[in-house]
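Please open the model in your viewer and keep the selection panel at hand. The tour below moves from one selection to the next and says what is there.

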Amino acid sequence: MASPAPTTADPNAHEAHGHDGDGHHGDGHHGDVMLRGHDGQLHPANLQHHFISAEQQFESAKLGMWLFLVTEILLFGGMFVAYAIYRSWYPDLFDQASLELDTAWGAFNTLVLLGSSLSVAWAIRAAQMDNRKLLVRLLWLTVMLAGVFMVVKYFEYTHKFEKGIFPGQYFKLAEGTPTIAELTAGTAVLPGFADATAEGAESEAATPSLEETEAAIAEAAGEHGETHAGEKGHGEKGPIFSNPRAGIFFSIYYVMTGIHGLHVIIGIIAISILAVKAQRGRYSSVYYTPVENVGLYWHVVDIIWIFLFPLMYLI
Amino acid sequence: MATLTPTQPRTSTVPRKKRSAYPEGHEPVHNFLREPGPGPEVTGFKRFRAIAWEWMTTVDHKRIGLMYLVSVSAAFALGGILALLVRLELMTQGETVMGPDAYNQVFTLHGIVMVFLFIVPSIPASLGNFLLPIMVGAKDVAFPKLNLASFYIYGIGAIVAVAGLFFGGVDTGWTFYTPYSKSTVDGVLFMGLGVFIMGFSSILTGLNFIVTIHKMRAPGMTWNRLPLFLWSIYATSIVQVLATPVIGITMLLLFLERVLQIGIFDPALGGDPVLFQHFFWFYSHPAVYIMILPAFGVISELMGTFSRQRVYGYRAVALSSVAIALLGFLVWGHHMFTSGQSPVSSVIFSLITFLIGIPSGIKIFNWIWTMYKGSVWLQTPMLYALTFLFLFTIGGVTGIMVGALAADIHLHDTYFVVAHFHYVMMGGTVMAMLGGLHYWWPKMTGKLYSERWGKISALLVFLGFNMTFFIQFIMGSQGMPRRYYDYPDMPWLEPLHQASTMGSWVLGVGLMIVLINGIHSLFRGKPAPGNPWGGATLEWTATTTPPDHHNFKRTPLVTHGPYDYNAALPHLREQVSGDGAAAVPVPDIAVGVPQNEPSIEDGTRQPDSL
Amino acid sequence: MAHAAHGHDEHAGHGGHHVIAKRDLTRTISILVFLTALTVVLGLLERYFAVNHEIEIFGPFSVPIALLIASVKAYFVAAYFMGLKHDGGTNLLAFAGSVVFLVIFLSFTYLDTGFRDTFEERSAVPVDELQRQDLEAAAETERLQPSFDAVPLVNDPDTGLFPAASTAEDAMDDAASATDGQEATAADDTPTEN
């Protein structure tokens with residue numbers, strides 16, 4: 001076509017332009033409704049103006065969601081890297097610390113999340129089969145299971161707080177155990193090791209290195225732990241409480257489970273919105289993209305917990 | 001100016017209205033700058049308010065691109081002023097204009113503003129947003145609302161970051177290294193949070209671009225017909241999506257480190273500060289490629305159009321972008337040679353760093369070969385492209401130098417490194433952005449800028465840049481450390497510092513001319529023809545200037561490659577026939593090339609996607 | 001086999017989307033529950049033997065075993081619940097890419113954190129010694145055969161460029177006057193060497 005600029009525009013075109021931001025495609029009620037687009041052709045109500053077909057729109061939304069999930073995986077990946085590095089440095093610390101986490105509750109929560117994953121996957125199936133009643137029920141079931149997860153998490157957290165298990169510097173070590181901050185600053189007073197340190201100071205004319213002090217503490221902690229190993233009951237302090245670096249494990253624990261919990265809360269909100277919209281009949285086999293995408297998000301939250309559970313609670 | 005081809009006389013005899021000085025056949029019918037716009041009955045302040053609101057709530061990628069352009073330009077201006085202050089302070093020994101604490105804050109802010117507010121979003125978010133959907137033949141990006149959200153998230157992040165100034169400022173340098181960043185002023189909290197927030201903006205932009213390129217290409221727009229600019233934007237987006245979450249978690253951990261004393265990075269609490277550097281550079285080294293890859297794309301476009309020749313080695317250039325993006329994830333440790341990381345990793349990182357030179361070299365080679373036997377047309381954009389070629393090669397080669405483990409032990413954190421990354425970032429990205437901006441300015445605004453002043457500014461920028469930064473290679477090799485307020489032990493460096501400072505003034509004047517030239521053209525510039533440079537990509541051949549609100553009247557049908565000037569502009573070819581020249585002749589920019597608009601009905605075919 | 005199993009229940013939705021079969025859903029959840037039970041039992045067993053009998057039944061393999069079970073679970077969630085098995089293409093590439101880059105992140109960081117002390121003991125003293133020898137040798141060379149290479153690249157107060165060069169030249173002159181004969185022979189030797 002030699003003449004470059006079209007001079008005769010469709011008079012309807014301009015009117016259609018005006019509301020394309022929030023207009024005909026927004027949250028159409030049912031997938032079957034057709035609206036006239038700016039090009040004068042009929043489109044499904046849920047088809048946004050810049051897509052050619054509903055299929056293209058669905059595929060795009062799904063790929064976009066997958067790319068978002070990639071960022072989620074790498075976000076948690078950073079924390080898994082921190083976990084792996086510190087575990088490789090202090091394997092004993094991680095062994096001792098995982099004893100403080102309640103495996104039964106952890107396993108229960110794992111099953112709860114797996115169940116919610118199932119229910120959301122089934123919800124997508126229900127949407128595809130145009131079974132609105134089932135879709136709504138399954139979405140609410142998912143919300144409920146996620147709520148159970150958070151309640152259990154709440155009790156786990158409060159139980160730990162009662163025992164003085166806080167992240168980092170605020171971790172309450174057993175009486176007399178020097179904190180890591182004191183050790184690195186070289187101001188630790190070591191009851192029971194006073195002789196040893198004094199000897200060390202005399203012989204080497206210098207305070208013992210951090211590693212030496214820690215080795216001595218670990219030795220004593222091992223004895224301490226062994227004496228109490230048999231009679232481990234409620235309120236009994238495990239060996240972790242005499243490990244000066246205990247705070248590191250619980251920092252990682254709280255950060256990872258905390259951010260995971262945040263994702264669960266976001267999921268609860270998103271799925272609740274979906275459920276309400278599904279009740280109003282917004283989703284059908286023609287248009288269920290939000291259900292599909294939130295479902296994908298929820299499965300990733302599940303997958304992350306699948307890795308968190310054994311790494312934190314079991315080993 | 002070479003005018004080989006005017007069939008139409010330059011001053012058309014066709015009578016026309018006073019305001020419309022467009023060449024025949026180039027009168028814009030639609031214009032996204034004004035469409036849809038309030039009706040003529042709305043006047044006065046109400047009209048202004050309606051237009052402002054329309055812009056603020058727009059989901060049109062072109063308008064969002066322009067809003068980004070204004071924002072990043074403002075950030076560049078702010079960062080530039082800070083840079084001038086830093087240079088001014090170093091002009092004499094001792095205190096010149098500010099004290100040591102102020103100096104620390106100024107260079108830190110310069111780094112943060114330039115990296116996170118300017119360079120990372122610069123080309124992708126402004127030129128990329130504007131051009132990407134047009135170049136693939138789509139009406140918009142895949143998620144227009146997300147695109148607007150990304151712009152506002154960027155704005156919020158920028159405000160939060162700069163708000164740190166009122167809470168003590170930041171004096172850590174843009175790298176936020178622990179443990180110092182843990183113990184210093186509270187501004188770090190805000191800056192970290194700002195970087196975290198802007199990361200989301202970057203992720204959303206990248207995600208949007210990847211989906212658009214994958215799913216929304218017009219019929220006939222195969223991967224092998226994708227303009228090289230899009231290939232590089234694609235590679236950039238991959239890096240954005242993969243790397244940015246890690247800076248997010250890094251900043252979050254730093255935040256928690258300060259607030260909750262979690263002790264993951266703080267050695268006093270048993271943490272490892274070098275681990276912070278790993279986290280930081282896992283993002284920030286790939287981020288270097290977020291900054292430079294779009295520049296490669298712009299240069300590929302400029303080289304093709306202004307050599308009037310197919311870009312040599314299209315596939316090699318396209319795939320080398322992706323190769324750089326992926327290899328870029330394997331080299332972050334070369335920032336940490338002196339950090340105390342294990343020698344094992346230093347050696348491996350150094351080795352892989354050299355590998356990055358291969359795809360970069362492929363690109364340089366292909367660009368030079370594109371010019372060979374072409375009709376090189378020295379318009380302003382091409383001047384910037386050549387500047388890029390020259391400066392980036394210097395930056396790249398010195399990068400290989402500091403990538404060598406032994407040399408880096410000596411050069412680490414000296415002005416040599418400062419000069420190196422300014423040659424890459426400013427000499428590379430900024431030059432490409434200026435070139436791209438000049439190239440697409442007529443498309444974006446519908447106005448022609450003054451070529452003469454464009455060329456003058458290009459010359460001044462080139463001279464000023466080299467004056468400022470080449471000297472820093474010398475200073476660095478003599479031991480001038482980076483980020484130092486003073487150099488009392490090295491008085492002989494004073495003249496060099498002075499020369500560098502004067503260079504920064506020349507550079508500043510050059511950039512000011514660019515700005516004035518642009519603004520002047522908006523009000524007084526001649527109307528631009530549809531295709532002033534004779535480009536062959538869709539934004540030149542298949543849409544009006546400035547583009548229609550919906551980009552295309554009809555979905556374009558792509559039948560040839562992006563640099564197939566013969567096929568795209570047959571009119572141009574007919575006008576000079578039989579001279580046997582390999583290259584396609586250059587058009588007259590005031591008249592342009594009539595556009596060729598192959599198109600099909602909407603909805604009849606879908607783009608084939610991978 | 002998996003495909004053959006869910007014959008009639010599986011069909012394409014309106015948009016040609018894959019609809020997961022009921023049987024796939026139930027089978028997947030059964031596998032997931034079983035694997036969860038397995039990993040918990042193994043974990044408790046290990047802990048029981050470690051505390052009561054001081055036997056490490058898995059030893060260094062406890063982490064890999066736990067990760068392996070978790071990965072299998074993640075595979076089933078991704079493949080069936082998330083539909084990757086039928087999606088394939090770009091979505092799979094994105095997901096796989098994120099895992100690959102996570103592994104890169106971890107392994108390259110571990111190259112540092114796992115090998116921090118590798119060369120410390122061997123390098124500490126000898127390098128100092130070597131450096132001292134090198135410095136002595138350099139000083140000796142400079143004394144005997146002053147050359148342009150030996151001049152430090154520093155500035156000249158007179159010309160504004162390379163000041164220390166003058167002092168170095170003085171030093172050269174001194175050296176020359178001190179060891180006149182040697183320098184002459186050195187100067188004679190240089191061209192023939194090249």
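What follows is a walk through the two chains, with the cut-offs given where each term comes up.

This is a predicted model, in which local features need pLDDT of at least 70 and side-chain atom pairs count only at pLDDT 80 or more, whereas totals for chains, interfaces and linings use all residues. Residues are numbered from 1 along each chain as its sequence is written, and chains are lettered from A, with ligands numbered from 1, in the order in which they are written.

**Select chain B.** Its secondary structure comes to 18 helices and two strands, where helices (H or I, at least four residues) and strands (E, at least two) are DSSP runs numbered from the N terminus. Along the principal axes, the C-alpha atoms of chain B fill a box of roughly 75 × 50 × 45 Å. A compact globule of 610 residues would have a radius of gyration near 25 Å, and the 24 Å of chain B agrees with this; the radius is taken over C-alpha atoms, and the globule rule is 2.2 Å times the number of residues to the power 0.38. Buried residues make up 60% of the 610 residues in chain B; a residue is buried if 20 or more other C-beta atoms lie within 10 Å of its own, exposed if 12 or fewer, and partly exposed in between, with C-beta atoms placed from the backbone.

**Colour chain B by confidence.** The mean pLDDT (the predictor's confidence in each residue, from 0 to 100) of chain B is 88, and 90% of its residues reach 70 or more.

**Select helix α11 of chain B, residues 380–403.** At 1.5 Å a residue its 24 residues should span 34 Å, and the end C-alpha atoms are 34 Å apart, which agrees; the expected span is 1.5 Å times one less than the number of residues. Because 17 of the 24 residues of α11(B) are buried, this helix is largely enclosed by the rest of the structure.

**Select B:Ile299.** Which residues touch the most other members of the largest nonpolar core? Of its 292 residues, they are A:Leu67, A:Ala123, A:Leu139, A:Ile252, B:Leu230 and B:Ile299. Helix α8 (residues 273–307) of chain B gives the largest share of this core, 22 residues. A nonpolar core is a set of buried Ala, Val, Leu, Ile, Met, Phe, Trp, Tyr and Cys residues joined through C-beta atoms within 7 Å. Leaving aside neighbours within four places in sequence, B:Ile299 is in contact with B:Trp367, B:Ala385, B:Phe388 and B:Ala432.

**Move to chain A.** Here there are 10 helices and two strands, and 49% of the 315 residues of chain A count as buried. The mean pLDDT of chain A is 78, and 70% of its residues reach 70 or more. Over residues 194–206 of chain A the pLDDT is below 50, and this stretch has six contacts beyond near neighbours in sequence.

**Finish at helix α4 of chain A, residues 103–128.** Its 26 residues should span 38 Å at 1.5 Å a residue, in agreement with end C-alpha atoms 38 Å apart. Helix α4(A) is mostly covered, with 21 of its 26 residues buried. Just after α4(A), A:Asp130 takes a positive phi of about 60°.

Key: Contact = placed C-beta atoms within 7 Å.
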